[in-house]
Amino acid sequence: MEDIIRINGNKKLNGEVVVSSCKNSVVAILPSVVLASEIVKLYDVPNIKDVQILIKLLRLLNVKVTADDDELTIDPTNITNIDLVDEDVMKLRASYYFMGALLGRFKHVRMYSPGGCNLGPRPIDLHLKGFEALGAKIKQEGNIIEIDAEELTGDDIYLDFASVGATINIMLAACFARGRTTIENAAKEPEIIDLSSMLNKMGAQIRGAGTSEITINGVSRLKGCIHDIIPDRIEAGTYIIAAAACGQDVTIKNVIPQHIEALTLKLEEMGVNFEIGSDFVRVYESNNLKAVDIITQPFPGFATDLQQPLTALLTKAKGDSHIEETIYIERFKHCNELNKMGANIEVGSGDSMVHGPTSLTGQDIFATDLRCGASLVIAGLIANGETIIHNAYHIYRGYDSIVDKLRALGADIK
Ligand code: EPU
């Protein structure tokens, strides 16, 4: 596939778009299957690069994965705990969920450190402290991490920051730990609820997911299950923002409105014209948008993953929008590319100021990470003329069929 997305902008979007299942759920769910002793079936699995890589890693572990359309059958009954020292491990962040899952199942894991989007420093100290609290010993040599435990025993673990990854990894490692583990100041993201509800179907004893205190009572075995993954709130938000930018009448379907309230309330403040249904959001043509201030925060605060896409829309809003990024202070690489298109954005240390409105013109620009890519796609839809987005592979990591979905709405995109 050519690694470029071309957009002829300034076309009105109309029609319906169906949101796929959630990337950040499925990327935790797939590694978690190594905890099962029976077959797991997953429905509505999104067709994204991160999923393809995780399937490859599961196969390296001798887990049988068969795909039928968007349904995956995963059979871990003959799993072998080999070292995951394959370069694919470093292509995504979520490969680190194999640490918690393999440690939980085998009390031993040896693998490369994870990669993922370059958003500035992304330490995993909280994950490792959690494993140590359960009784594991950690060795790091260069890029390889080895974690061993004679036995895992439940403990009370306080997270200094409500980290999504650390919460999930500790949950995975604790499923088979002796006794009870509590995670205090746990992350509350919907993806954590989704994973815990799947693990509970498999026989785990996890309570409190979605609150800041999660307890896990260890069990000795997990069986198989069938699981439907929740819709992707960030993909939903991205299409809602795109529709606010250049839609006439666009319905975004397969949405859980409670998952995107921070976004929809901000859009209301901006003057975007939309209605919210039980499982959809319908966006109408919106003019005279107003600037708003954003502070990214853990869920239910404004999602950092939507900060970059929203910035593209804010270039159309009148006034100065201040964006403070508290999760990844360097997540502003999209601003440089938007400025090449005619935006007027100043980037500070952990914040940006979007001076609007400005009109955007198509340019050759570069996606530097997944949500930067989404931001540039929205900018390309708004802009006059042709936008060429290079390094589009970042976008395919997390957006299922984005080009086809936007083309079906009337975008001139390929
Ligand atoms: N942090 C630490 N130490 C740790 C773990 C995290 O200091 O041990 C810090 C990070 O450096 C960061 C903050 O805590 O500043 C948040 O990290 P968190 O662990 O919550 O995020 P993550 O698990 O690395 C997931 C998503 C991200 C999303 C964030 C925040 C996955 C695979 N990734 O990352 O998604 O931005 O939560 O919601 O679930 C994306 O989809 O584009 C994406 C980057």
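A: Let's start with Arg-233 and Glu-191, which pair up in a salt bridge whose closest N and O atoms sit 2.8 Å apart. Keep in mind that this is a predicted model. Across the interface of domain 1 and domain 2, the salt-bridge count comes to 2. Sorted by class, the face of domain 1 that touches domain 2 is made of 10 charged, 7 nonpolar and 3 polar residues.

As for which part is which, domain 1 comes in two stretches, 4–20 and 231–413, while domain 2 runs over 23–228. Their C-alpha centres are 30 Å apart, and the contact draws on 20 residues from domain 1 and 22 residues from domain 2.

Now for the area. The two domains bury about 1,800 Å² between them, with 55% of that on carbon and sulfur atoms. On the domain 1 side, Phe-299, Tyr-328 and Arg-397 together supply 34% of the area buried against domain 2, more than any other three residues.

On to the cysteines: the structure has 0 disulfides. Cys-225 is in no disulfide, and the nearest cysteine sulfur, on Cys-175, is 12 Å away. Cys-225 counts as buried, because its relative accessibility is 10% and the cut-off is under 20%. Cys-22 is buried too, with a relative accessible area of 2%.

Definitions and conventions
Residues numbered from 1 in each chain as written. Predicted model: local features only at pLDDT ≥ 70, side-chain atom pairs only at ≥ 80, totals over all residues. Heavy atoms only, no water. Disulfide = S-S within 2.5 Å. Buried < 20%, exposed > 50% of the residue type's maximum accessible area, 1.4 Å probe, protein only. Domains from an automatic or database assignment. Contact = heavy atoms within 4.5 Å. Buried area = accessible area lost by both parts, 1.4 Å probe. Salt bridge = Lys/Arg side-chain N within 4 Å of Asp/Glu carboxyl O. Nonpolar A, V, L, I, M, F, W, Y, C, P; charged D, E, K, R; others polar.
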